[in-house]
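Grab the model and work through these exercises one at a time. Try each task yourself before you read its solution.

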Amino acid sequence: MTITKMKAFKHIALLLLASFAMVSCFDSANPNYQYMPNMYEPVGYDTYGEYEIFPGEQEAMLPPEGTIPRGWQPYEYENSNDGLLQAKAELKNPLEVTEQNLESGKALYEIYCAVCHGSKGDGQGILVKNEKILGIPSYADPGRVINEGGTYHVMMFGLNSMGSYASQTDELERWQIVQHVMNLKATLEGTPLLSPTSNEEVSADAEASGASEANSSEEQN
Ligand code: HEC
């Protein structure tokens, strides 16, 4: 071995020794000093953290009483026969009759309701024809007052062997289905259908009166 090689070997050995000495004490379970701990430890409370200051020592607290989820509308009628009668008497469809609402209502009806009630609403769905279920009324059943409010109510809570559709559909979708059911009923009974044109006239009137209001306020200025 030449001298230079010996020297190089010595250097490498020293370097190895030094690097062992530097890392050997490191224990990953017990970190060393933190310089600027705010970089690592959040100043706010950790999500789901445990802190004495909170009730139950839990950062995640229950929402205040009366809180409702975003987009959810409270429904005031009770799940009972009285609730159904009340909904039939008072509850009206807030949706405008539009092509789009009628179309969506029809599509949703075919998905959720037609198996029992039939595409025509005559109570002759595929499950009835195959004798899988009994007692499906026609929407034109003279013994029942089937109207907007009642139809919405039975979708919220179900009725005997009909289940609730409150979890599969949202408020808008239920009212769209109601429009379609009303049209099925009208077709069965031979009465006039809900049609978007009649409402376009109404909104044209509303626009006209809105425009005249705008004009009159300009005049005032
Ligand atoms: C599993 C079969 C089934 C499905 C699916 C179903 N229904 Fe019904 N529906 C029934 C039965 C059974 C009744 C009669 C309940 C009774 O009076 O005991 C009924 C009754 C009704 C009534 C009459 C309520 C009244 O005032 O007497 C309406 C309106 C109605 N359903 C609408 C719907 C709509 C809208 C859908 C789709 C969202 C739907 N149903 C899906 C079985 C079903």
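**Exercise 1. Find which helix gives the most residues to the shell around the ligand.**

Step 1: The largest share of that shell comes from α6, with four residues. Helices here are DSSP runs of H or I with at least four residues, strands are runs of E with at least two, and both are numbered from the N terminus.

Step 2: This is a predicted model, where local features need pLDDT of at least 70, side-chain atom pairs count only at pLDDT 80 or more, and totals for chains, interfaces and linings use all residues. Residues are numbered from 1 along each chain as its sequence is written.

Step 3: Now look at the other helices: α4 (114–117), α6 (148–157) and α7 each supply at least two residues of the shell.

Step 4: Of the 22 residues around the ligand, Tyr112, Cys113, Cys116, Asn160 and Met162 come nearest. A residue is near a molecule if its C-beta atom, placed from the backbone, lies within 6 Å of it.

Step 5: Sort the shell by type and you get 15 nonpolar residues, six polar and one charged. For this sorting, Ala, Val, Leu, Ile, Met, Phe, Trp, Tyr, Cys and Pro are nonpolar, Asp, Glu, Lys and Arg are charged, and the others, Gly among them, are polar.

**Exercise 2. Work out how enclosed α6 is.**

Step 1: Pick out the buried residues of α6, which are Gly149, Gly150, Thr151, Tyr152, His153, Val154 and Met155. Buried means 20 or more other C-beta atoms within 10 Å of a residue's own, exposed means 12 or fewer, and partly exposed is in between, with C-beta atoms placed from the backbone.

Step 2: Seven of the ten residues of α6 are buried, so this helix is largely enclosed by the rest of the structure.

Step 3: See what they pack against: α2 (81–90) and α7. Contact means C-beta atoms, placed from the backbone, within 7 Å.

Step 4: Walk off the end of α6 and you meet glycine 158, with a positive phi near 75°.

Step 5: Asparagine 160, in the loop between α6 and α7, also has a positive phi, about 45°, although it is not a glycine. Asparagine 160 counts as exposed because it has 7 C-beta neighbours inside 10 Å.

**Exercise 3. Check the length of α7 and look at its end.**

Step 1: The 19 residues of α7 should span 27 Å at 1.5 Å a residue, and the end C-alpha atoms are 27 Å apart, which agrees. The expected span is 1.5 Å times one less than the number of residues.

Step 2: Glutamate 189 belongs to α7 (residues 171–189) and counts as exposed, with 12 C-beta neighbours inside 10 Å.

Step 3: After α7 comes glycine 190, whose phi is positive, near 70°.

Notes
Contact = placed C-beta atoms within 7 Å.
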